[in-house]
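Reader: I have a model open and want to go through a few features. Can you take me through them?

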Amino acid sequence: MHLSRKALPHLPQDVYRPEFDLSQLTPGILHLGCGNFHRAHQAVATQAAINREGPDGLKWGIVSATMRRPDLVNQLRPQDNLYTMLTRVEDRTVASVIGSIHEMVFSGDEAIDLAERVADPRIRIISLTVTASGYYLTADGRLDPEAQAIRQDLSARHPRTAIGILANGLALVKQRGTVPPVILCCDNVSHNGATLRQAVMDYASLRGDDRLAAWIGETVQFPDTMVDRIAPSSHVDDVADAKKALGGIVDAAPVSAEPWFQWIIGPFDGPRPYWEAHPGTKFVRDVAIFEAAKLQMLNGSHMLLAYTGALAGLNTIAEAASDPSLGRITARFMRDEQTAGITLSAEELDDYTQALMARFQNPGIVHDAERVGRNGSAKMADRVMRAMRDNLVAGRSVSGASLLIASWIRWFALNDQEALELCLTDPKAKVLQRICAEARDDHRAQAEAFLAMEEVFGPPLPDHDRIVAEIAGLLRRLTEEDVPAVLRELAA
């Protein structure tokens with residue numbers, strides 16, 4: 001038997017499940033970017049809200065759109081859009097069946113017009129998890145008008161990017177005079193609500209509609225948010241573990257995640273689910289402090305573990321964080337460098353550092369370095385460079401940031417030499433590989449050429465030449481010496 005509404009009565013008693021009539025669920029939320037994180041985060045909190053609200057919550061069903069491939073749609077539709085959430089505690093796994101997704105769609109389906117879904121009066125909230133690269137931003141946080149996907153959308157009947165879908169949908173809302181939905185960006189982008197608003201306005205202007213751009217800026221709410229939960233890519237063990245937890249019932253698309261859950265949301269007007277029913281969800285006046293701590297301390301440190309760990313043969317975050325040398329380097333980087341500009345007390349920063357390292361070391365979470373390392377060029381500015389600049393201005397060490405950047409460059413150099421077993425995914429991969437090929441044996445030239453890309457790293461760093469030399473020296477060592485031995489020395 002496969003997971004479906006008919007299978008629910010046959011689940012073991014210790015499996016959590018929806019406490020509402022799935023047949024009565026109606027759409028109230030449109031989500032762009034349905035992947036593992038959305039299914040382990042917003043969909044879980046929405047189910048908790050519907051459970052708490054009872055019949056009044058049934059209007060918050062999610063229409064969830066995959067943006068790149070239809071695979072997940074094809075897996076979930078036969079299961080009535082149900083799936084298993086596997087919460088990986090260190091010594092056990094807790095199973096929950098999630099039923100808050102009302103409908104699954106693929107944005108590339110010509111029969112699906114997502115702009116019309118944006119303009120559907122029943123849709124009161126639109127949420128997004130399309131990753132940082134899915135917004136096509138320049139280093140200063142504006143929409144990149146030269147991005148190929150954006151240029152294609154501007155002439156397409158049905159846009160494929162989230163930005164194009166939102167702009168076209170909001171144009172319909174404006175035209176029809178209906179109430180615009182609240183738009184919640186749930187990606188790791190600095191000031192994500194304000195940044196997304198500006199990107200959609202930029203797109204509207206690019207399509208020649210400055211009035212629409214002004215209307216969006218004046219009328220549509222884009223609250224800032226911060227999301228935090230580690231939900232790795234699907235692993236071969238997930239299907240087997242779900243089947244065991246469900247008493248033999250098969251789930252083709254389970255998702256796993258750590259126990260930690262946090263969702264910080266800025267204020268907005270209008271109806272919404274009672275998301276606070278899920279522990280870890282909080283509405284606050286100012287999201288910025290939570291956002292900065294998460295982007296720099298968690299996401300920035302994740303990048304160091306992924307890039308440097310993989311060079312040392314440590315291919316999961318848990319392996320890298322548990323390595324005595326790299327774990328020590330990462331904790332030091334997180335606490336001494338990545339806390340720049342974060343206005344929390346020393347005790348709070350110490351506690352958060354310890355909590356993050358414990359989460360990273362959770363052996364139940366198989367978080368591949370390859371996946372964490374994707375799209376580094378779109379992540380570097382917010383997660384690494386802002387703190388690095390602050391530290392350089394203040395005269396503090398940036399040894400961890402330099403190691404991170406050197407390790408990232410080494411990924412491209414190895415990929416150019418076809419010596420990297422990991423699949424390298426980055427919107428600027430071809431340009432960066434060409435840099436490595438042109439300066440193959442000249443580490444300083446590689447470092448200079450990478451840091452010269454202002455769309456990735458921003459303007460020249462304070463004490464720029466010294467930092468180039470420092471990164472070049474690390475790059476040489478990562479190339480010529482045994483990486484674990486280098487890490488042992490750097491950790492001392």
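This is a predicted model: local features need pLDDT of at least 70, side-chain atom pairs count only at pLDDT 80 or more; totals for chains, interfaces and linings use all residues.

Reader: What is the strand order in the open sheet of 5 strands?

Author: The order is E5-E2-E1-E6-E7, with parallel pairing. Strands are DSSP runs of E with at least two residues, helices are runs of H or I with at least four, and both are numbered from the N terminus. Two strands pair if DSSP finds at least two bridges between them.

Reader: Which are the edge strands?

Author: Strand E5 (101–106) and strand E7 (182–185), each of which pairs on one side only. From one strand to the next, the twist averages 20 degrees. Such angles run from 0 to 180 degrees between N-to-C directions, with axes as lines fitted to C-alpha atoms, for helices over the stretch in contact.

Reader: And how many bridges between E1 and E2?

Author: Strand E1 (residues 27–32) and strand E2 (residues 61–66) pair over 5 bridges, in the parallel sense. Leu 30 has Val 63 in E2 as its bridge partner.

Reader: Switching to charges. How many salt bridges in the whole structure?

Author: A search finds 19. The criterion is a side-chain nitrogen of Lys or Arg within 4 Å of a carboxyl oxygen of Asp or Glu.

Reader: What does Arg 88 pair with?

Author: Asp 241, with the closest N and O atoms 2.7 Å apart. The pair links distant parts of the chain, 153 residues apart: Arg 88 is in strand E3 (residues 83–89) and Asp 241 in helix H9 (residues 236–245).

Reader: Is Arg 88 buried or exposed?

Author: Buried, at 8% relative accessible area, while Asp 241 is partly exposed at 28%. Buried means under 20%, exposed over 50%, and partly exposed in between, with a 1.4 Å probe and protein chains only.

Reader: Which residues form a network of salt bridges?

Author: Arg 476, Arg 477, Glu 480, Glu 481 and Glu 489 are linked in one. Between Arg 477 and Glu 481, the closest N and O atoms are 3.0 Å apart. Arg 477 is buried at 15%, and Glu 481 is partly exposed at 33%.

Reader: Last one, where does Ala 394 sit?

Author: In the loop between helix H15 (376–393) and helix H16 (399–416). Ala 394 is partly exposed, with 47% relative accessibility.

Terms used: Residues are numbered from 1 along each chain as its sequence is written. Side-chain values use heavy atoms; hydrogens and water are left out.
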